[in-house]
Amino acid sequence: MGSASPKHTCLKLEIPSKTQRERIFVKGTWFSSHFDLFITDGLEAWTCLASEEEVEDRASQWDQPVSEYIDLGEKYLGLQQPGSVYGFDDAGSGHKRLSWTFEKEGTKLEWRWKCQLSPNSKKTTADILDFLMDANIRLSDEVVSKTQSFERLREEAEKCLTQSEKLSKEKEEFESAIYAKVLFSVQALRSFIISQFVGVLNSKKKKLRELRDKLSKQGPAVQEPVEEDDTQSTDRTETFDEGSDDEKSGEEVEKEDVGTSSKKQDVGTSKDVPARRGRGRGRKRK
């Protein structure tokens, strides 16, 4: 943990005072168990080299682990926190006391460290300025790199947008062409089905008309024979009845003749017998 690379911060603080706002730069180097602070107002410089024992003692007073105490100082001296009151007060003999406030579990606490006057303020100030210049160069390079990346991303986005619009247009044209083809196919199929149906319907109508004409022509011819048959059957019936009447009359006559012949035979006359036989034969031929 002790061999871990340290972190660096540099904060520009505006400290309110009775006459004017005092501006100072605070550079911090943060290790795993201790830290170093370098402060300058442009004319003079101060340092605070907190040892591991001092940091551990301060952390134990607040019931904090050392790592949490270090992280808290890095947070408040890496970026000025809103709601916190910063101070850089005179501690006598040219020394200063750096402080800021924070809340912990609803209690307002104050973080304070005494800063010694630097034995070489120019060098300390120069080191802070060098760090700021290097940081500015790194930030400038990062800004340039980010800007270039952004420009590349913007160009890629524009290309993607152009390609997307092109694909969208091609899709619309393709869908329109497919829709037109499908519509044409449906209309053609519909026309074909209608034409086929009309042809079949006309053929059926033609056959029905032919059958109707045929039936209309055959209707009277079929009915007349039926009427003739009825007439013939009636005539036949009448003829049969008349014949039966003739037979009846013939039988009556025959009976009369027989009665007469029997009487004649009884009398002893034989001349009527041949005549009676001839009459019977003649009726059979009829």
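I started with R58, which lies over the face of W113, 4.0 Å from the ring centre. My cut-off for a charge over a ring is NZ of Lys or CZ of Arg within 6 Å of the ring centre and within 35 degrees of the ring normal. K27 also qualifies: its charged end sits over the ring of F131, at 5.2 Å from the centre.

Ground rules before I go on. This is a predicted model, where local features need pLDDT of at least 70 and side-chain atom pairs count only at pLDDT 80 or more, while totals for chains, interfaces and linings use all residues. Residues are numbered from 1 along each chain as its sequence is written, and side-chain values use heavy atoms, with hydrogens and water left out.

**Rings**

Which residues do ring pairs link into a cluster with W113? I get W30, F35, W62, Y69, Y76, W100, F102 and W111 along with W113. The structure holds 11 aromatic pairs. For these I take rings of Phe, Tyr and Trp (its six-membered ring) with centres within 6.5 Å; planes under 30 degrees apart are stacked, over 60 edge-to-face, and the rest tilted.

I looked at one pair in detail: F35 and W111 are tilted, 5.7 Å centre to centre with 40° between the planes. This pair links distant parts of the chain, since F35 is in strand β3 (residues 35-40) and W111 in strand β7 (residues 107-117), 76 residues apart. Are F35 and W111 buried or exposed? F35 counts as buried because its relative accessibility is 0%, and W111 counts as buried at 0% too. Buried here means under 20% relative accessible area, exposed over 50%, and partly exposed in between (1.4 Å probe, protein chains only).

**Overall layout**

I listed four helices and seven strands. They are DSSP runs numbered from the N terminus: helices are H or I with at least four residues, strands E with at least two. Reading from the N terminus, the order is β-β-β-β-α-α-β-β-β-α-α. Of the 286 residues, 20% count as buried. Among contacts between residues at least 6 apart in sequence, 43% join residues at least 24 apart, with contact meaning heavy atoms within 4.5 Å. The protein exposes about 21,900 Å², and carbon and sulfur atoms supply 54% of that; the areas come from the Shrake-Rupley method with a 1.4 Å probe, and for residues only the protein chains shown count as cover.

**Strands β5, β6 and β7**

Strand β6 (residues 95-104) is mostly covered, with seven of its 10 residues buried. How many bridges does β6 make with β5, and how many with β7? Strand β5 (residues 86-92) pairs with β6 in the antiparallel sense over six bridges, and β6 runs antiparallel to β7 with nine. I count strands as paired if DSSP finds at least two bridges between them.

**Strands β3 and β4**

Why do I call strand β4 (residues 45-50) largely enclosed by the rest of the structure? Because five of its six residues are buried. Strands β3 and β4 run antiparallel, joined by six bridges, and A45 is the bridge partner of T40. Their hairpin has four residues between the strands, and G42 in the turn has a positive phi of about 100°. On to β7: two bridges join β4 to it, antiparallel again, with W46 partnered by L117.

S33 is in the loop between β2 (21-30) and β3. It counts as buried because its relative accessibility is 18%. Leaving out residues up to four places away in sequence, S33 touches E52, V55, V66 and I70. With E52 there is a side chain to side chain polar contact of 3.0 Å (a pair of N or O atoms within 3.5 Å; within protein, one must be able to donate a hydrogen and the other to accept it, and residues adjacent in sequence count only if both atoms are side-chain atoms).

P65 is in the loop between α1 (52-61) and α2 (66-78), and is partly exposed with a relative accessible area of 43%. From S33, P65 is 32 residues away in sequence and 9.9 Å in space, C-alpha to C-alpha.
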